[in-house]
Amino acid sequence: MRILITGIHGFVGSNLVEALKGENTIYGVDIVSPQKDGVQRTFGWEQLDADQMPEVDAIVHLAGLAHDVKTGGIGQEDEHMRVNCGLTQKAFDYFLAHDEIKKFIFFSTVKAAAERVDGVLTEDVVPAPVGPYGESKIAAERYILAQFKEFKEFKEFKEFKEFKKFKELNVQEGQGQELENLRMDSTSKNPKDAEPETWHPKPETWNLKPEPWNLKPETPAKQVYIFRPCMIHGPGNKGNLNLLYSVVRKGIPWPLGAYENRRTFTSVANVCFAVNGVLTQDVPSGIYNLCDDEALSTNELIEEICQSIGKKAHIWKLPKGLMNGVAKVGGWLHLPLNPERLRKLTENYVSSNGKIKRALAIERMPVDARAGLRHTFEAFAK
């Protein structure tokens with residue numbers, strides 16, 4: 001299969017290339033274009049509509065502005081809309097304009113569905129994002145839904161305020177120069193930093209039976225998938241898990257042991273498995289959550305880190321009232337622990353992956369949640 005991956009030099013893109021390069025011809029779109037093993041060529045965004053673009057069978061759209069990026073100039077809200085919606089529109093319009101491209105995968109986020117979760121998050125939730133990251137991602141989703149009406153989830157797009165906001169902020173020809181200065185899908189502008197380490201199980205262990213790349217008569221001419229992953233982790237990524245790992249590795253006690261929260265994470269190996277699955281099988285178009293099978297508490301996460309580095313876990317169960325007060329003072333003094341960070345560190349956020357597993361006809365994801373985290377932590381130690 002011929003696959004075009006946007007944000008190809010980022011963390012997820014690099015892992016996808018490693019997982020898919022053996023059986024596929026891969027091209028990329030990104031703001032940097034160093035040579036990468038397994039990639040025929042990386043194009044710039046300004047080349048996407050040009051005649052020199054090769055024919056492909058599928059597009060995996062990863063590129064976007066991360067939720068933790070802070071820049072000056074235009075406001076964060078406008079910036080996220082321009083990048084996360086503008087690039088999605090550009091990539092999806094290209095998909096719709098080329099009959100030979102049969103499948104499109106858009107990487108959204110669970111934060112597009114909900115900032116907080118009571119119970120278990122499923123795909124049928126009424127989206128209620130909070131903040132520029134989630135709001136821009138749900139607006140991008142709804143642009144896709146409006147254009148691709150075969151979705152069961154389709155609703156009249158004009159009803160949503162995000163559409164009006166997106167129309168006002170739509171990137172017009174010649175107005176996207178500032179995008180070159182932004183960091184997309186964790187991709188650095190420095191080519192030397194654009195090769196994250198990768199890890200994934202070998203494709204032969206995925207237990208999928210790939211079908212030949214020819215659509216069945218009953219298969220729609222085009223199929224579209226919106227993936228909503230929880231926090232993706234693995235060798236080569238940079239995020240909150242790195243910060244937690246560095247704290248625990250220094251032997252600093254964890255003072256929030258009294259909070260028994262549970263969260264789901266997503267091993268990048270399971271991401272690669274899901275992408276390969278929808279590309280090679282006749283999976284219905286739709287929105288799919290992505291996560292590992294098991295939810296873990298932060299205390300369990302710390303215990304896994306300590307096991308990986310051979311240290312004893314130091315978990316203090318200080319009174320919640322005391323820690324809430326410390327966080328409040330931290331907010332006043334602009335310290336690392338503030339009410340918002342305390343909430344993120346201790347809240348529940350459990351997502352369901354039942355729909356994608358049913359679609360791929362599997363009972364479990366190929367990589368166990370704890371095994372995937374151990375691989376991540378082992379990579380941090382290098």
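# Briefing: salt bridges, cores and surface

Arg2 and Asp57 form a salt bridge, with their closest N and O atoms 2.9 Å apart. This link ties distant parts of the chain: Arg2 sits in strand E1, Asp57 in the loop between strand E3 (39-43) and E4, 55 residues apart. The model is predicted. A search of the whole structure finds 20 salt bridges.

**Salt bridges**

- Arg2 counts as partly exposed, because its relative accessibility is 30%.
- Asp57 counts as buried, because its relative accessibility is 7%.
- Glu294 and Arg370 meet through their side chains in a salt bridge of 3.4 Å, N to O.
- Here too distant parts of the chain are linked: Glu294 is in the loop between E10 and helix H7 (298-309), and Arg370 is in helix H11 (residues 369-380), 76 residues apart.
- Glu294 is partly exposed at 26% relative accessibility, and Arg370 is partly exposed with a relative accessible area of 22%.
- Arg370 also forms a salt bridge with Glu300, where the closest N and O atoms are 3.3 Å apart.
- That pair joins helix H11 to helix H7, with Arg370 and Glu300 70 residues apart.
- Glu300 has a relative accessible area of 18%, so Glu300 is buried.
- One network, joined by salt bridges that share partners, holds Lys111, Glu115, Arg263, Glu340, Arg343, Lys344 and Glu347.

**Nonpolar cores**

- The largest nonpolar core has 35 residues. Ile5, Leu16, Val60, Ile105, Phe107, Phe227 and Val275 have the most contacts inside it.
- Elements giving two or more residues to this core include strand E1 (2-6), helix H1 (11-20), strand E5 (103-107) and strand E7 (223-229).
- Helix H6 gives the largest share of this core, eight residues.
- Leaving aside neighbours within four places in sequence, Leu16 is in contact with Ile5, Val60, Leu62, Cys272 and Val275.
- Another core, of 31 residues, lies apart from the largest one. Among its residues are Tyr27, Leu87, Phe104 and Phe148.

**Around Thr109**

- Thr109 is in the loop between E5 and strand E6 (120-121).
- Thr109 counts as buried, because its relative accessibility is 6%.
- A polar atom of the Thr109 side chain lies 3.0 Å from the backbone nitrogen of Lys111.
- Beyond its neighbours within four places in sequence, Thr109 is in contact with Tyr133, Lys137, Phe227, Arg228 and Pro229.

**Surface**

- Val329, Trp332, Leu333 and Leu335 make a nonpolar surface patch of about 430 Å².
- Leu333 lies in helix H8 (residues 320-333).
- Leu333 counts as exposed, because its relative accessibility is 55%.

Conventions
Residues numbered from 1 in each chain as written. Predicted model: local features only at pLDDT ≥ 70, side-chain atom pairs only at ≥ 80, totals over all residues. Heavy atoms only, no water. Core = buried A, V, L, I, M, F, W, Y, C linked by side-chain atoms within 4.5 Å. Buried < 20%, exposed > 50% of the residue type's maximum accessible area, 1.4 Å probe, protein only. Helix = DSSP H or I, 4+ residues; strand = E, 2+ residues; numbered from the N terminus. Contact = heavy atoms within 4.5 Å. Patch = residues over 30% accessible without salt bridge, like charges linked within 9 Å, V, L, I, M, F, W, Y side chains within 5 Å. Areas by Shrake-Rupley, 256 points an atom, 1.4 Å probe, with all protein chains shown as cover. Salt bridge = Lys/Arg side-chain N within 4 Å of Asp/Glu carboxyl O. Polar contact = N/O pair within 3.5 Å; in protein donor to acceptor, adjacent residues only side chain to side chain.
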